[in-house]
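Subject: Structure handover

Hello,

Here is the structure I promised to pass on. Please open it first, then read my notes below.

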Amino acid sequence: MKSQLDISGNTEIFIDNREVRAQEYREVRDPGKISDIVGLVGYAMPREVDLAVQAAERAFKLWRTVSVNERIDMLEVSAKILEDLSRDLAPLLVRENGAKLSEAKMDISRGATLFRKTLGIARPFLESRQIESQTDWLEIEKKPVGVTALIVPWNSPIVLTMGKLAPALVAGNTIVLKPSPYAPLTLTHCLSQMAKNLPSGVINVVNGGVETGRALLEHPRVRKISFTGGISTGKQVMESAASNIKKISLELGGNDPAIILDDADIEGLIPSLCQGVFTRAGQICFAVKRIYVPQSKYDTFYQAMRDEVSNYLVGHGLDDRITFGPLINEAQFTRVNELVQHTKDSGATVTELGAPADLTTWNQGYYMLPKIVSNVDPRSKIVQEEQFGPIIPLVPYDDIDEAVHMSNDSEYGLSASVWSSDFDRALGVARRLEAGATFINSHNIWSLSLDMPMGGVKQSGIGRERTELGLQEYVEDHAIRFIKQQP
Ligand code: NAD
């Protein structure tokens, strides 16, 4: 299929399968070359948000009556459209969100796979269940919730959107989506192409920042919110949802611990674990964000990690030599730099490693070299907060109970990992961890299977995405009971 991508990357508001001119346009800049304007994005004001919700509500009346089989057939075509866009759109995504080209391709192609997988499990899940006895007839049907607002971040915009879009649409809901202002272009293009094959108003996109997001979430005709982003924004989302008790699912931040057991193969695990820390410059919700190392193995571990990370190259995502790219924007760049300074001031040792891939362009993007923190207080900010940058604290421990306690002593609970040569030992520790998912001997972008539920405990979120649990977030169970013989 030929891509219909506007070469300039500009994007409009998308309502009722039509582009709507905005009153205001903002620049999207390349975080790896800040002087480059990747495109212009039209911001939706409350008026356009209202039009989008109205369109979704009109479409809902029709879409909910389309049979599940027909919905699946139509959505299969949308999945194919997304798949075909991967090659053409990946470079645009790199220039918006600073990913490597391979990661941008993976975001789009995995998004299409996840979309398909959800369609694959939808039919049996959405069937009504009937239970009948001599005296009783009971039916439980799965009904769509209604107009659904989806809000997503910039780091993996396609796969994160597809984890919401597929279950929402196949269950019979219609959607209004607000992309992140830092990665709106690729996502809006994908959605507008996927929508063309569906009845108008089933997919609508309103671009913008906080004000647009708030207008969408507080709209009285929105019945369900599915949000992915930071914890502090998640709290605001809950407040907006309270206006008319909207249903909510929240996928929020993480501060994932990795626990190294004393029998782990340190040399063997280091490359994979370091990927889990530094991919996307640490800007992944389930990146490894603190590592607990047995005191007896601390020096060996530190040296092995140092050796590995010394080889890293940082630069623009379109340079295929790089290990990771830039931070997303000035605010994040400043925040992480301040955190580095705070960590140094607190007495910890910060070791900077790796090298710029291209010294001549280094100052043109939000680049930061990878850093390992040792001699660190387990209660310090760098250990307790989600850093979302290429810096990792190594915390020593004396016995496993202490490591489990420190891992769980957190308001976060997205994912975690345990590393050992002994599966049973690792499993015993994994079962004690407070997280939505725990990996054994892995913890990077390859660890998440599309067949496992994803979500967090404590402040890392509410609900789960993917699998039947993900579908359940977009339906209402309606029970109908007929008592055949009154007692
Ligand atoms: P963010 O919370 O700043 O923004 C997320 C989205 O919310 C954006 O589209 C933003 O415009 C919008 N928004 C901001 N304020 C809003 C408001 N008051 N009402 C409605 N919408 C509002 O997050 P970010 O910087 O884009 O992404 C990074 C964060 O997302 C990190 O904390 C990361 O851990 C988290 N994240 C979580 C997951 C997960 O699956 N758990 C996945 C990716 C990212």
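How many Å separate a polar side-chain atom of Thr 233 from an oxygen atom of the ligand? The distance is 2.6 Å. Keep in mind that this is a predicted model.

Two other residues make contacts of this kind. Glu 386 places a polar side-chain atom 2.6 Å from a ligand oxygen. For Lys 178, a polar side-chain atom lies 2.8 Å from an oxygen atom of the ligand. On its own, the ligand has 850 Å² of accessible area, and the protein covers 89% of that.

Where does the ligand sit? Its place is the largest pocket.

Now the shell itself. The ligand is surrounded by 29 residues. Lys 178, Thr 233, Gln 236, Leu 252 and Glu 386 are the closest. By type, the shell holds 15 nonpolar, 10 polar and 4 charged residues.

Last, the whole protein. The fold contains 14 helices and 22 strands. Its radius of gyration is 23 Å, and the globule rule gives 23 Å for 487 residues, so the protein is as compact as a globular protein of that length. Along the principal axes, the C-alpha atoms fill a box of roughly 70 × 65 × 40 Å.

If you want one place to start, look at Lys 178, Thr 233 and Glu 386, which are among the residues closest to the ligand.

Best wishes

Definitions and conventions:
Residues numbered from 1 in each chain as written. Predicted model: local features only at pLDDT ≥ 70, side-chain atom pairs only at ≥ 80, totals over all residues. Heavy atoms only, no water. Near = heavy atom within 4 Å. Polar contact = N/O pair within 3.5 Å; in protein donor to acceptor, adjacent residues only side chain to side chain. Areas by Shrake-Rupley, 256 points an atom, 1.4 Å probe, with all protein chains shown as cover. 1 Å grid on protein atoms, 1.4 Å probe; cavity = no way out; pocket = protein on both sides within 12 Å on 5 of 7 lines; lining within 4 Å. Sits in = over half its atoms within 2 Å of the grid points. Nonpolar A, V, L, I, M, F, W, Y, C, P; charged D, E, K, R; others polar. Helix = DSSP H or I, 4+ residues; strand = E, 2+ residues; numbered from the N terminus. Rg over C-alpha atoms; globule rule 2.2 N^0.38 Å.
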